[in-house]
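Please look at the sequence and the structure before reading on.

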Amino acid sequence: MKITFLHNPYYFQEYMENVSFTANNFGVLPPLGMMYASALLKEEGYETQIVDVKAEGLSEQEVKQKIEDFDPDVIGVMVIPYTGGIAMEWAERMDEWFDVPIVAGNYGVQLYPEAVLSNDFIDYINIGSARNTLSKLLEYIDGNRESIEGVEGLGYKTDDGEMFINDREKRTEDFDRLPWPDRDAIDNSNYTSMLARKRPFTLVVTSYGCIYNCDFCDMGSFGYSERTPEDVVDEIEYCVEEYGVKEIDIFDRDFLIKKEKAREICKEMIDRDIEVDWSCRARVDEVNEGLLELMSDAGCRAILYGIESGDQRILDTEHKGITLEEIRKGLRMTKDAGIDTLGFFIIGHEGETEETIRQTIEMSKELPIDYAQFFRMSGKPGASLYDQITDELGYDYFEKLIRGEEVVRDLPRPWTKFSNDELEEFVLEAYREFYLRPEFIIGELRRARSFRRLMEISKVGAEFIYDNIRHFLKELGGG
C-alpha cells in the first residue's frame with residue numbers, strides 16, 4: 001500500500017504577524033511531522049512519498065505528475081490554522097485529480113476537527129498518532145480491518161455524509177520509541193533557514209511543546225514532552241554521517257527548558273567529536289556563562305531569543321517573565337561566548353504607544369544582537385489573545401476559513417489603538433533602522449562566505465525594498 005504526503009506551499013497571508021518579505025523568506029524547512037509519519041509507516045511495511053511543493057519548486061502540473069508516477073492509495077495533507085486556507089485548496093485539488101481517500105492531519109485538525117471534516121474533499125481526519133490512529137485507518141482502507149468505529153483520534157464520514165469523530169487518543173507514547181524522521185523521503189539539500197550558512201541542513205527536535213504561557217503564543221496549550229539526550233545525539237550523529245549534514249536547527253520552542261538535558265546533549269556531542277554547526281531557541285533568563293561556553297564548544301553557532309519589547313511594563317503585561325536587565329545580561333554573555341544572536345521583537349502589544357514602539361526599535365539597535373525579526377502582534381488559535389479577535393468578530397475566523405466560508409484578509413487587533421497599516425509601517429521602520437545600518441551590511445557581506453548565501457541575502461533585500469515601496473504606494477493612494 002502506498003501513501004503520499006503532500007506538503008503544500010505556504011506564503012504570506014494578510015492576517016499573519018509577519019510583513020510579506022519576512023513571511024516569504026523564513027527559509028524552507030523540512031516537513032518534520034510528515035517525515036515522522038513516513039518513518040512510522042515504513043516500519044509497518046507501507047511505501048511512502050513526500051511531495052514538498054515549495055522546497056522542490058514544483059508547478060501544479062509537476063505535482064500532479066509526480067504523484068501520478070507514484071500511484072498512491074491514500075493522500076495525506078497537513079492542516080495548520082495559519083495556512084489552513086491554502087491546505088484546503090490543495091486538498092480539493094488532490095480530490096479532483098486522484099480517486100483515492102484524502103486524510104488530513106496536524107494541529108489544525110486538532111483545533112478544528114469538525115471544520116476540516118466538513119469539507120466534501122476530506123474523507124478522514126487524523127487527530128491521533130501515526131503509529132496508532134493512522135495505521136489502523138490504513139488497515140481499514142486496505143481491507144485488513146473490518147471497522148474504524150472506536151479508533152481513537154479518528155474522524156470519518158458515512159456514505160450519507162454523517163460525520164463521526166471518535167474520542168481523542170490518549171497520547172502517552174514514549175518520545176524515544178518514535179523512529180527518527182524519514183530523511184530518505186526528501187532531498188535534504190533543498191532546505192535552509194534564515195540563519196543557516198551551510199548545507200545540507202536539517203531540523204532536529206529534542207522536545208515538544210512549552211511550559212510557559214505567553215498570551216500571544218499557542219504552544220503552551222500543547223503540553224510538554226522530551227527525548228533522552230542519548231537518542232537526540234544518536235540522531236544528530238546519524239544525520240552528519242549518513243547525509244553529510246553540516247548545519248542543524250534544534251527546532252524546540254525552547255531548547256533550555258530543561259538545562260540539565262541540554263548540558264548532557266552538549267557533553268555527548270563533544271565526547272563523540274561531532275562536527276556540525278547548530279542553532280536553537282531559548283530565553284535570556286535561562287543562560288549562564290558556563291552553559292554558553294559548553295554550548296559553544298559543542299558547535300552552537302546561534303541562539304534565537306524572544307525579547308518582544310523594550311518596555312518593562314509591556315513585558316509584564318504579556319506575562320513574559322523576563323526583565324530588561326536580564327535581556328541585556330543574557331545577550332552580552334552569549335556574544336562573549338562567541339555565539340551569534342537573533343532577537344524576536346513584537347510591535348502592537350496591548351497598551352502599546354508610539355513611545356514604547358520607539359523604545360523597542362532603539363533597544364534592538366543598542367543590544368548586542370546580530371539579527372532581528374519584527375512582528376505585528378497577532379492572536380493565534382490556541383493562544384489567549386485570539387479570544388479577543390473572536391469576541392470582536394463574533395465568530396472564529398480560522399474555523400470559517402477552513403470551512404471555506406471566509407476569505408484571506410487582515411484581522412482586527414482590538415487590544416491596540418493602532419491600525420493594521422500603522423503597525424505594518426512601524427515594523428518596516430524597525431527593519432529599515434536595524435538592517436540598513438552600514439555596520440550591519442558590511443558585517444553580513446563578510447559573513448556570507450558563499451555565492452549561494454550572497455544570493456539569498458540579495459533576495460531578502462529585494463523583497464524588503466518591494467515591501468517598502470508597496471506600503472508607500474498604498475499610503476499615497478489612501479489605503
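## Helices on the sheet

Helix H2 (residues 32-43) lies across strands S1, S3 and S4 (74-78), and runs at about 175° to S1. Helix H8 (residues 130-141) also packs on the sheet. H8 touches S1, S4, strand S5 (102-105), strand S6 (124-126) and strand S7 (154-157). The direction of H8 makes about 155° with that of S6. The model that shows this arrangement is predicted.

## The sheet

Strands of a sheet pair through backbone hydrogen bonds, and the pairing is either parallel or antiparallel. Here 7 strands form an open sheet with mixed pairing. Their order is S3-S1-S4-S5-S6-S7-S8. Strand S3 (47-52) and strand S8 (163-165) stand at the edges. Each has a single partner strand, so one side of each is left without a neighbour in the sheet. On average, neighbouring strands of this sheet are turned by 20° against each other, direction ignored.

How do S1 and S3 pair, and over how many bridges? Strand S1 (residues 2-7) pairs with S3 in the parallel sense, over 6 bridges.

## Two crossing helices

Two packed helices are described by the angle between their axes and the distance between the axes. For helix H4 (residues 60-70) and helix H5 (residues 84-97), the axes come within 12 Å and cross at roughly 55°. The crossing of H4 and H5 is right-handed.

Which residues meet where H4 and H5 are in contact? From H4 they are Glu 60, Val 63, Lys 64 and Ile 67. From H5 they are Trp 90, Arg 93, Met 94 and Trp 97. The residues of this contact divide into 5 nonpolar, no polar and 3 charged.

## A residue in helix H16

Phe 398 is placed in helix H16 (residues 397-403). Is Phe 398 buried or exposed? Its relative accessibility is 0%, and the cut-off for buried is under 20%, so Phe 398 counts as buried.

Leaving aside neighbours within four places in sequence, Phe 398 is in contact with Tyr 15, Pro 81, Tyr 82, Tyr 112, Pro 381, Tyr 386 and Leu 411. Phe 398 and Thr 83 are 315 residues apart along the chain, and their C-alpha atoms are separated by 9.4 Å.

How values were computed:
Residues are numbered from 1 along each chain as its sequence is written. This is a predicted model: local features need pLDDT of at least 70, side-chain atom pairs count only at pLDDT 80 or more; totals for chains, interfaces and linings use all residues. Side-chain values use heavy atoms; hydrogens and water are left out. Axes are lines fitted to C-alpha atoms, for helices over the stretch in contact, and angles run from 0 to 180 degrees between N-to-C directions. Helices (H or I, at least four residues) and strands (E, at least two) are DSSP runs, numbered from the N terminus. A crossing is left-handed if the near helix is turned anticlockwise from the far one by less than a right angle, and right-handed if clockwise. Contact means heavy atoms within 4.5 Å. Ala, Val, Leu, Ile, Met, Phe, Trp, Tyr, Cys and Pro count as nonpolar, Asp, Glu, Lys and Arg as charged, and the others, Gly among them, as polar. Two strands pair if DSSP finds at least two bridges between them. Buried means under 20% relative accessible area, exposed over 50%, partly exposed in between (1.4 Å probe, protein chains only).
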